[in-house]
Amino acid sequence: MSRRNPAGQLRIDPALFAVLLFAPALAFAHVDQGEIGGGFLSGMAHPVLGLDHVVAMVAVGLWGAQLGSPAIWVLPVTFPLVMAFGGLLGLLGVPIPAVEIGIALSAIVLGAMVALAARPPLWVAGLLVGLFAIFHGHAHGAELPEAANAIAYSVGFVIATGLLHAVGILIGVANRWRRGAQGLRVGGGAIAASGVYFLVAHLA
Amino acid sequence: MTGFGRAASCAAAVLTCLATGDAHAHAASQALGDFYGGLLHPLTDVVHLLPFIALGLLAGQRGSQVNSLLLIFPGALMAGAALALLIPPLPGLELLNIASALLFGALVAAAAPLPAAALYALATFFGLTHGLANRTAIDAFVRPLLFIPGLGLAGLLVLAWGGQIVEYLIARRTPWMQIAVRVAGSWIAAIALLVLGFSARTLLAG
């Protein structure tokens with residue numbers, strides 16, 4: 001850590017400086033080298049680069065935060081599992097009709113739930129989220145590159161998805177304040193609107 | 001130190017004694033390499049590491065009620081690896097080992113109050129399959145008497161560390177910690193499910 005010495009000058013900890021010196025070299029030594037690193041990075045990137053996936057994942061986290069306990073943890077625990085199940089179906093080539101429409105609908109419905117601050121029974125929320133999770137997972141599974149290292153890809157993919165939920169839940173902390181709760185509902189409306197855009201873009 | 005931790009250090013001491021006895025029987029510097037080979041092999045392969053971690057989380061959720069896991073699982077690992085030297089290679093071990101990550105991860109996510117006996121039975125079975133899968137790593141140049149204790153120590157360390165960390169976190173009585181452990185289990189199960197899907201696709205394609 002950097003801190004100020006008595007004279008008031010900013011002083012850099014020598015140990016930290018030494019670590020930082022090594023950091024770029026370490027980074028370059030690994031990125032893009034071998035299929036494990038490549039598989040992990042493409043697994044991490046896949047959920048993050050598709051905006052239609054991102055808004056739906058964040059909506060799950062936001063909605064969980066609005067619903068509070070126990071939904072706030074039931075949703076992030078079940079979602080990766082159900083999504084991986086959808087991914088399994090996609091990898092096996094099991095056809096699911098209108099996957100892209102389902103994904104666009106997921107943003108619309110989940111965004112609307114956040115915008116309305118809807119409070120259905122837990123099992124209804126779980127079922128709704130689970131249903132959409134299958135669509136998302138299937139799309140990822142079916143689009144998977146043949147060459148990627150399977151395990152590294154899966155690790156990156158699940159971590160990225162989980163972190164997107166965490167982002168939603170962290171934003172959802174704002175729900176405690178009145179203005180924050182209003183802001184969340186506006187955000188949900190924006191997610192639903194983006195879902196409408198994805199739907200129109202797909203159908204057009 | 002908690003009950004789980006004490007059992008862990010006893011088991012580690014036993015394994016270390018086993019290994020050093022063998023090391024002295026050979027030229028010290030070269031022979032030790034195979035011990036480290038056995039120790040590193042499961043730690044560098046996610047297919048082995050994930051189920052080990054998940055079992056450690058599971059053990060930590062139960063705390064000192066499942067102390068014997070610390071002897072049973074490394075024991076089964078070593079027995080499996082020894083057995084692999086005697087019998088021809090079995091097909092489908094890799095899939096079984098990924099499935100163990102799915103099962104253990106799902107049990108962690110569900111925080112299922114599994115009876116200790118059932119947990120021991122699962123740990124024995126999958127310890128054997130993971131041990132058997134190490135057959136490919138023990139080639140003609142590897143001394144099994146060093147490799148296998150190393151393997152057992154790797155299983156023990158992951159189990160003991162994972163269990164200790166989880167037991168410590170849960171003992172803080174913060175609800176978030178229990179949830180974080182369950183989310184970790186769910187992630188492990190999800191990863192295993194995807195890897196199974198990849199394997200199935202490869203099988204279907206080829």
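1. Ground rules. Residues count from 1 along each chain as its sequence is written, and chains are lettered from A, with ligands numbered from 1, in the order in which they are written. Because this is a predicted model, local features need pLDDT of at least 70 and side-chain atom pairs count only at pLDDT 80 or more, while totals for chains, interfaces and linings use all residues.

2. Confidence in chain A. pLDDT is the predictor's confidence in each residue, from 0 to 100. Chain A has a mean pLDDT of 79. In that chain, 79% of residues reach 70 or more. Among its elements, helix H5 (residues 99-116) has the highest mean, 90. Strand E1 (residues 2-4) has the lowest, 48.

3. Read two parts of chain A with care. Over residues 1-5 of chain A, pLDDT stays under 50, and the model has eleven contacts there beyond four places in sequence. Over residues 23-33 of chain A, pLDDT also stays under 50, with four such contacts. Two residues are in contact if their C-beta atoms, placed from the backbone, lie within 7 Å.

4. Elements. Helices (H or I, at least four residues) and strands (E, at least two) are DSSP runs, numbered from the N terminus. Chain A has eight helices and two strands. Its order from the N terminus is β-β-α-α-α-α-α-α-α-α. Chain B has eight helices and zero strands.

5. A residue is buried if 20 or more other C-beta atoms lie within 10 Å of its own, exposed if 12 or fewer, and partly exposed in between; C-beta atoms are placed from the backbone. In chain A, 43% of the 204 residues are buried. In chain B, 49% of the 206 residues are. Take contacts with a separation of 6 or more: residues 24 or more positions apart account for 85% of them in chain A and 91% in chain B.

6. Core. A nonpolar core is a set of buried Ala, Val, Leu, Ile, Met, Phe, Trp, Tyr and Cys residues joined through C-beta atoms within 7 Å. The largest one has 118 residues. Helix H8 (residues 175-205) of chain B gives the largest share, 13 residues. Ala59(A) and Ala192(B) have the most contacts inside this core. Beyond four places in sequence, the residues that Ala59(A) touches include Ala107(A), Val114(A) and Ile191(A).

7. Leu67(A). This residue lies in helix H3 (residues 51-67) of chain A. Is Leu67(A) buried or exposed? Leu67(A) counts as buried because it has 22 C-beta neighbours inside 10 Å. Beyond four places in sequence, Leu67(A) contacts Ile72(A), Arg119(A) and Ala125(A).

8. Helix H6 of chain B. This helix covers residues 116-133. The expected span is 1.5 Å times one less than the number of residues. Its 18 residues should therefore span 26 Å, and its end C-alpha atoms are 26 Å apart, which agrees. Its buried residues include Leu119(B), Phe126(B) and His130(B). Among the elements that cover the buried residues are H3, H4, H5 and H7 of chain B.

9. Where the chains meet. The contact takes 20 residues from chain A and 19 from chain B. On the chain B side, H3 and H8 of chain B each give two or more residues. H8(B) gives the largest share, 16 residues. That side has 15 nonpolar, two polar and two charged residues. Ala, Val, Leu, Ile, Met, Phe, Trp, Tyr, Cys and Pro count as nonpolar, Asp, Glu, Lys and Arg as charged, and the others, Gly among them, as polar.
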